[in-house]
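Notebook open. I want to look up the aromatic side chains first, then the ligand site.

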Amino acid sequence: MKRRTFIKLSAISAAGMVLPLQLEGQTEVKSLLKPKTFVTPNADFYILQIGDPKVLDAATWRMGITGLIEKRIPPLRLEDIVAMESVEATRTLKCIGDPIGTEQMSNAHWKGVRLRDLLEKVGPKPEVKVVVFRCADRYHTAIPLEDAMREDTLLAYEMNGVPLPTDHGFPIRLLNPGHYGTKNPKWIVNIHLAKAHESYWEKRGWDPIANVKLGTMIGTPSEGEEITGGKVYTVSGAAFDAGHHGGIKKVEVSIDYGQTWQEAEIWAKDTPLAWVLWKWDWQVPEKANPVEIYARATANSGITQDEIGLEVEPVGAIPYHMIDAAIVMP
Ligand SMILES: Nc1nc2c(c(=O)[nH]1)N[C@H]1C(S)=C(S)[C@@H](COP(=O)(O)O)O[C@H]1N2
Ligand SMILES: [Mo]
């Protein structure tokens with residue numbers, strides 16, 4: 001098996017198969033760029049979970065904070081959380097089952113509160129190591145206490161200006177910077193402070209840390225697309241490092257199997273916790289030919305994705321995304 005076939009197959013995995021992939025062709029509107037907007041509309045944001053979404057009622061929903069705590073407080077109501085100091089942030093979510101990020105990566109503007117502000121109300125005991133989230137669909141996952149206490153770890157209740165949609169975790173979900181979707185639980189009903197915890201996906205062999213790796217996805221062209229020779233074609237996509245390498249510095253494209261690289265234009269960006277969107281105008285040769293398109297990112301730390309990925313502490317990088325297309329004559 002050719003290595004690039006392996007990469008494509010490995011991008012489709014258990015966690016990514018829980019819901020069918022969003023198949024291209026649903027909207028055959030010829031958009032020039034993919035992703036085409038910096039903020040993904042809620043209706044287009046990918047959805048992934050272990051079962052059916054849980055429809056929770058804000059009036060009766062309560063979230064307890066339990067476990068190794070210094071001070072007990074009554075279960076919180078949504079209005080208690082909304083009354084706290086709020087924070088807004090643009091954040092990209094990406095599924096661990098789609099490391100390249102062609103289908104299960106989206107970006108939204110969220111509003112919520114700092115998890116830290118809630119944990120400070122109860123006071124974690126000195127022996128606490130992890131914060132466990134239990135969800136209405138029986139999903140559960142834990143994050144290290146030091147991640148929970150980060151200033152940018154949020155419990156979100158709004159997404160793109162509206163209450164969190166049911167599909168994305170109404171009324172409350174976690175936004176855990178730097179980590180794949182598995183560590184961003186939805187429909188939270190309990191927060192438990194503990195010494196250790198084995199989470200839902202870890203029990204099934206998935207990475208318990210789930211740090212996002214540096215990656216670049218090619219949105220246009222799509223796999224197998226026919227590109228008209230003799231014209232300009234805009235190759236486009238997204239790149240994301242979730243802040244682990246200081247954010248994306250540049251994105252490059254190669255159409256000669258990685259011998260030479262052309263710098264793409266980054267046309268939309270925010271903080272390193274959101275993706276960057278890039279495009280590169282390619283003057284397509286006037287000759288019918290198969291073509292392979294590669295894209296790679298370089299982060300502000302100086303590291304560049306390479307053909308076989310990259311093991312850089314603490315998170316590394318995934319290999320180039322490669323797209324097979326065909327130049328055809330009009
Ligand atoms: N309660 C709950 N939260 C969950 C999951 C789940 O199955 N149940 N799946 C996780 C995974 S694997 C991903 S990729 C993200 C997807 O979030 P989204 O559906 O809002 O895009 O949700 C995460 N949070
Ligand atoms: Mo995921």
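I checked Trp 201 and Trp 206 first: both are buried (under 20% relative accessible area; exposed is over 50%, partly exposed in between; 1.4 Å probe, protein chains only). I am working on a predicted model, where local features need pLDDT of at least 70, side-chain atom pairs count only at pLDDT 80 or more, and totals for chains, interfaces and linings use all residues. Residues are numbered from 1 along each chain as its sequence is written, chains are lettered from A and ligands numbered from 1 in the order written, and side-chain values use heavy atoms, without hydrogens and water.

Next, ring pairs. I counted rings of Phe, Tyr and Trp (its six-membered ring) as paired with centres within 6.5 Å; planes under 30 degrees apart are stacked, over 60 edge-to-face, the rest tilted. That rule gives 10 aromatic pairs. Phe 45 and Tyr 46 have ring centres 5.7 Å apart and planes at 15°, so I logged them as stacked. Phe 45 and Tyr 46 are both buried. Trp 201 and Trp 206 pair edge-to-face, at 6.2 Å between centres and 75° between planes. I traced a cluster linked by ring pairs: Tyr 139, Tyr 200, Trp 201 and Trp 206.

Then charges over rings (NZ of Lys or CZ of Arg within 6 Å of the ring centre and within 35 degrees of the ring normal). Arg 204 has its charged end over the ring of Tyr 200, 3.6 Å from the centre. The charged end of Arg 296 is over the Trp 261 ring, 4.0 Å from its centre.

Last, ligand 1. I looked for polar contacts (N or O atoms paired within 3.5 Å). A polar side-chain atom of His 168 is 2.7 Å from a ligand 1 oxygen. A polar backbone atom of Leu 48 is 2.9 Å from an oxygen atom of ligand 1.

How values were computed. Polar contact = N/O pair within 3.5 Å; in protein donor to acceptor, adjacent residues only side chain to side chain.
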